[in-house]
Amino acid sequence: MTLPKLALTENTEAALAKSRAEVVVIGTVQGPDGLELAEGARAVDAALGGDLVDTLRTLGATGKAEEIVKLPTLGRIPAPVVLAVGLGTPPTTSEQLRRAAGAAARALSGTSRALTTLSARELQAVAEGTVLGAYTFTRYKSEPGDAPVSTVDLVYPEEGTARAHKATLKAAVAIAEAVATARDLVNTPPNDLFPASFAERARELAEDAGLEFEVLDERALKRKGFGGILGVGGGSSRPPRLLRLRYRGTKAAKKVALVGKGITFDTGGISIKPAANMDHMTSDMSGAAGVLASVVLAAKLKYPLEVVAHIPLAENMPSATSYRPGDVLTMYGGKTVEVLNTDAEGRLVLADAIVRAAEEEPDYLIETSTLTGAQLVALGNRTPGIMGSEEFRDRVAAIASATGENGWPMPLPEELRSDLDSKLADLANVTGHRWGGMLAAGVFLREFVPKGLPWAHIDIAGPAFNTGSPWGYTGKGGTGVPVRTIAAVLADIAEAG
Ligand code: BES
Ligand code: MN
Ligand code: ZN
């Protein structure tokens with residue numbers, strides 16, 4: 001990944017006249033009587049002679065979300081091009097700004113320097129959207145095509161001190177970099193990203209961030225009794241791992257455990273998946289990528305918290321050594337699970353990791369996973385499902401909405417528990433029916449969470465991976481969801497307890 005460098009600049013005609021930007025970005029909005037200019041565009045309009053609105057309307061622009069119109073400046077300012085990006089209908093939200101900044105950044109590929117005035121209204125969202133919109137993953141391309149924009153100057157917001165703006169920019173860039181780190185991991189193909197190679201990448205990131213790092217290999221997993229991870233990982237020639245990364249901030253009042261599903265590829269195992277779209281299962285380690293990036297980010301932003309990430313890694317393959325439908329696994333901590341479907345593997349590796357995480361008595365537990373196809377059926381591909389203990393679930397969901405990642409609270413209905421009863425073991429890994437599949441997975445996980453521990457389970461099966469066209473600040477492939485939600489929850493716990 002090469003991400004653009006961001007810098008702050010004045011928003012005046014004099015600053016515009018001195019700027020070395022090749023493109024100046026302005027915002028447009030869809031007002032009641034047609035296109036209007038957004039905050040920050042005034043100096044540009046004045047420098048160009050004051051007829052920007054008329055010109056844009058003449059060209060048919062409406063200010064609708066993510067509309068892109070490029071205009072030549074005909075020598076009136078040094079930058080040869082103005083790029084107008086639509087924000088949609090007012091009042092403009094942070095997420096509208098973030099998406100517009102992302103759409104503009106995508107349209108700026110091949111440009112070396114740009115100046116954006118979108119940040120006049122709000123810096124954080126525009127900085128995040130700019131970096132994330134510019135993100136590309138070209139490691140496996142012989143000819144990568146146009147490079148992303150390399151430098152973007154952002155105008156100072158109209159309100160607040162320069163000092164505060166610098167701090168905001170620094171945090172926004174760190175958050176966007178964490179999202180990009182998660183995207184890189186998700187986008188790395190499964191022949192190169194498997195449990196041991198994921199563990200090595202995690203070790204590098206941990207060392208750079210000064211985190212405590214521990215990896216359990218298959219022998220250690222056997223010795224300690226991690227039956228879920230060993231069962232799922234048993235069919236692969238590339239053995240499973242369990243990682244633990246710990247950040248301990250100074251003045252850490254609260255301890256937060258993070259758990260992320262790390263299935264580096266999910267064929268379904270013996271209960272094998274159909275061929276169509278099986279390649280999407282390269283994204284089945286998105287939860288692991290998200291919590292890895294988040295604990296590194298917590299250290300970078302020096303949150304006054306203790307954050308411990310637990311990452312179970314396995315490849316779910318069919319082979320002579322695979323676990324079978326009908327097997328009974330003894331999980332870490334001693335509960336037994338009858339496997340009725342080897343494709344419901346995520347909950348098995350997560351159960352082990354959740355029990356391990358809970359041993360350390362955290363104040364909160366956040367677990368995230370590409371857990372169920374049912375999440376996509378229920379909520380579509382842009383809305384994570386958030387389950388867990390009710391109060392903390394609602395807190396995480398409210399924060400997820402505010403970040404633009406748009407998680408939505410979902411219940412864990414009591415009656416689903418008995419559908420997981422097993423004739424042989426303490427519980428089965430699937431119900432015998434298709435109803436409420438996302439919730440049933442959450443009900444399964446709840447069996448492994450100690451009573452009274454505030455916990456949230458974020459199902460990101462669809463939102464972690466964009467199989468459609470680019471939109472806003474989201475390109476094809478890994479999206480980095482739910483890194484921004486986790487970052488915002490950590491910041492909230494650091495502040496409010
Ligand atoms: N990794 C999948 C879930 C998934 C589906 C993620 C689509 C992303 C996109 C998970 O391991 C799985 O296979 N779940 C099964 C559970 C079922 C067997 C109860 C599913 O959803 O079909
Ligand atoms: Mn599966
Ligand atoms: Zn899976």
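User: How much of the protein chain in this predicted model is made up of buried residues?
Analyst: Of the 497 residues in the protein chain, 57% are buried. The model is predicted.

User: What makes a residue such as Ser236 count as buried?
Analyst: Buried means under 20% relative accessible area. Ser236 has 11%, so Ser236 is buried.

User: Where in the protein chain is Ser236 found?
Analyst: Ser236 sits in the loop that runs between α9 (227-233) and β9 (241-248). In total, the protein chain has 15 helices and 21 strands.

User: Which residues does Ser236 touch, leaving out those up to four places away in sequence?
Analyst: Ser236 touches Glu315 and Met317.

User: Why is the pair of Ser236 and Glu315 called a polar contact?
Analyst: A polar contact needs a pair of N or O atoms within 3.5 Å, one able to donate a hydrogen and the other to accept it. The side chains of Ser236 and Glu315 make such a contact at 2.6 Å, so the distance falls within the cut-off.

User: How do you know that the radius of gyration of the protein chain agrees with a compact globule?
Analyst: For 497 residues, a compact globule would have a radius of gyration near 23 Å. The protein chain has 24 Å, so the two agree. Along the principal axes, the C-alpha atoms fill a box of roughly 80 × 50 × 45 Å.

User: What share of the contacts with a separation of 6 or more joins residues 24 or more positions apart?
Analyst: In the protein chain, that share is 75%.

Definitions and conventions
Residues numbered from 1 in each chain as written. Chains lettered and ligands numbered in written order. Predicted model: local features only at pLDDT ≥ 70, side-chain atom pairs only at ≥ 80, totals over all residues. Heavy atoms only, no water. Helix = DSSP H or I, 4+ residues; strand = E, 2+ residues; numbered from the N terminus. Rg over C-alpha atoms; globule rule 2.2 N^0.38 Å. Buried < 20%, exposed > 50% of the residue type's maximum accessible area, 1.4 Å probe, protein only. Contact = heavy atoms within 4.5 Å.
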